[in-house]
Amino acid sequence: GGDDDVRAATQRPQGAQAALRHELAQGLMQQQAQISPKFLYDARGCALFEQITQLREYYPTRTEAAIMAQHEVEMAEAMSGCQVLIELGAGNCEKVRRLCRSVAPLQFVGVDIAVEFLQQAVVRLGQDFPQMTARAVAADFTADWHLPPDVPQGRRELFYPGSSIGNFDTQQALHMLKHMHSLLNGDGGLLIGIDLPKSLPVLIAAYDDEQGVTAEFNLNVLSHVNRLLGSDFKPQDWEHEACFDPRHSRIEMHLRARHGVMVCWPQGVRYFAQGETIHTENSYKYPLSDFLSMLRAAGFGATRVWTDEQQWFAVIHAHA
Ligand code: AVJ
């Protein structure tokens with residue numbers, strides 16, 4: 001049941017903790033140091049991300065919500081007959097509420113790496129939709145992940161909103177799509193949000209807002225890493241940076257050392273020269289046709305696409 005799913009994830013077995021520490025130490029020792037964006041989502045990171053989604057500059061959440069509101073009926077039609085609605089990266093479960101009303105699944109399964117935050121949202125969702133069972137499941141999409149065996153095999157629809165797939169490079173994204181396709185048992189489909197290429201100033205502002213909320217969000221990863229790894233990062237030694245790499249069509253977030261910094265943890269140490277960076281996130285902006293090709297390559301069939309007037313964001317339904 002739901003509580004077991006959460007317990008299994010929050011009291012991580014010793015081996016899983018060690019694996020995360022190993023992954024972090026490995027990333028810090030690369031020539032281009034990196035911290036996976038999955039580490040952005042501790043309790044404070046989840047709260048900061050919610051703030052980001054409400055910023056004037058951060059268009060994705062609001063644009064996607066408007067597309068979903070405008071095309072609710074057609075989306076529900078594409079997903080009709082759905083028994084189990086599974087949201088990946090469910091977070092605060094706000095985006096799925098409209099679908100719970102219009103699709104009316106028997107069961108909702110929210111999946112997220114930040115499972116304690118998710119669990120609270122799932123409880124609220126279950127209270128608001130009493131005829132639907134709702135449960136939270138922990139998973140790290142960057143590792144091998146599975147749904148619990150008691151998630152019904154009946155007609156499933158996957159929901160992967162927010163352009164969260166943009167955190168993966170193209171090879172990882174294709175792998176993720178293939179895995180999602182395999183969860184559908186040849187029935188149902190996937191409703192996915194993707195962020196589209198657009199003008200540089202709009203993109204940069206969305207990842208480097210005036211108020212500095214995104215900067216806080218990025219810097220907060222260091223406190224999370226300190227707790228997990230036992231490292232001694234001091235956030236004030238680092239500066240938030242967002243840039244666009246046109247070659248990969250992606251926003252990159254980095255933390256740049258303001259001056260020479262020595263960082264120590266139980267099994268290691270690294271010196272960062274002034275100006276060196278830690279790469280903390282990629283956020284790919286896929287041309288629509290490229291993403292549709294990826295869906296085909298992953299085994300998906302017929303698609304429907306909905307976008308906003310400015311073509312800033314797309315919501316796609318793909319049949320299994
Ligand atoms: C949750 C991965 C979709 O890439 O826009 C927001 C995360 N990072 N601001 C994104 C994020 C900086 C977000 N995703």
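In which sense do strand β2 (residues 84-88) and strand β5 (residues 156-160) pair, and over how many bridges? Select both: they pair in the parallel sense, over four bridges. Zoom in on Val-84, whose bridge partner in β5 is Arg-156.

Before going further, a word on what you are looking at. This is a predicted model, where local features need pLDDT of at least 70 and side-chain atom pairs count only at pLDDT 80 or more, while totals for chains, interfaces and linings use all residues. Residues are numbered from 1 along each chain as its sequence is written.

Helices (H or I, at least four residues) and strands (E, at least two) are DSSP runs, numbered from the N terminus. Two strands pair if DSSP finds at least two bridges between them. Strands of a sheet pair through backbone hydrogen bonds, either parallel or antiparallel.

**Stop 1: the seven-strand sheet**

Now colour the whole sheet that β2 and β5 belong to. Seven strands form an open sheet with mixed pairing, in the order β4-β3-β2-β5-β6-β13-β12. At its edges you'll find β4 (133-138) and β12 (303-307), each pairing on one side only. Neighbouring strands here are turned by 15 degrees against each other on average, direction ignored. (Axes are lines fitted to C-alpha atoms, for helices over the stretch in contact, and angles run from 0 to 180 degrees between N-to-C directions.)

Contact means that the C-beta atoms of two residues, placed from the backbone, lie within 7 Å.

**Stop 2: the four-strand sheet**

Hide that and go to another open sheet, this one of four strands in the order β1-β11-β8-β7, again with mixed pairing. β1 (33-34) and β7 (238-245) have a single partner strand each, so one side of each is left without a neighbour in the sheet.

Walk across this sheet from β1:

- β1 and strand β11 (residues 277-284) run parallel, joined by two bridges. Ala-33 stands opposite Ile-278, and Gln-34 has His-279 as its bridge partner.
- β8 and β11 pair in the antiparallel sense over seven bridges. Click on Glu-252 to find its partner Asn-282 in β11, then on Met-253, which is partnered with Glu-281 in β11.
- β7 and β8 run antiparallel, joined by eight bridges. Met-253 turns up again here, standing opposite Ala-242.

Follow the chain from β7 into β8 and you pass through a hairpin with four residues between the strands; Ser-249 in the turn has a positive phi of about 50 degrees.

**Stop 3: two helices side by side**

Which strands does α10 lie across? They are β7, β8 (250-257) and β11, and α10 runs at about 115 degrees to β7.

On the α3 side, the contact includes Leu-48 and Phe-49, and on the α10 side it includes Phe-217 and His-224.

**Stop 4: around the ligand**

Show the ligand and the residues around it, among them Ile-52, Pro-60, Tyr-207, Thr-214, Glu-281 and Ser-283.

**Last stop: a hairpin**

Finish with strand β9 (residues 261-265) and strand β10 (residues 268-272), which run antiparallel and are joined by five bridges. The hairpin between β9 and β10 goes through two residues, and Cys-264 stands opposite Val-269.

Technical notes:
A residue is near a molecule or strand if its C-beta atom, placed from the backbone, lies within 6 Å of it.
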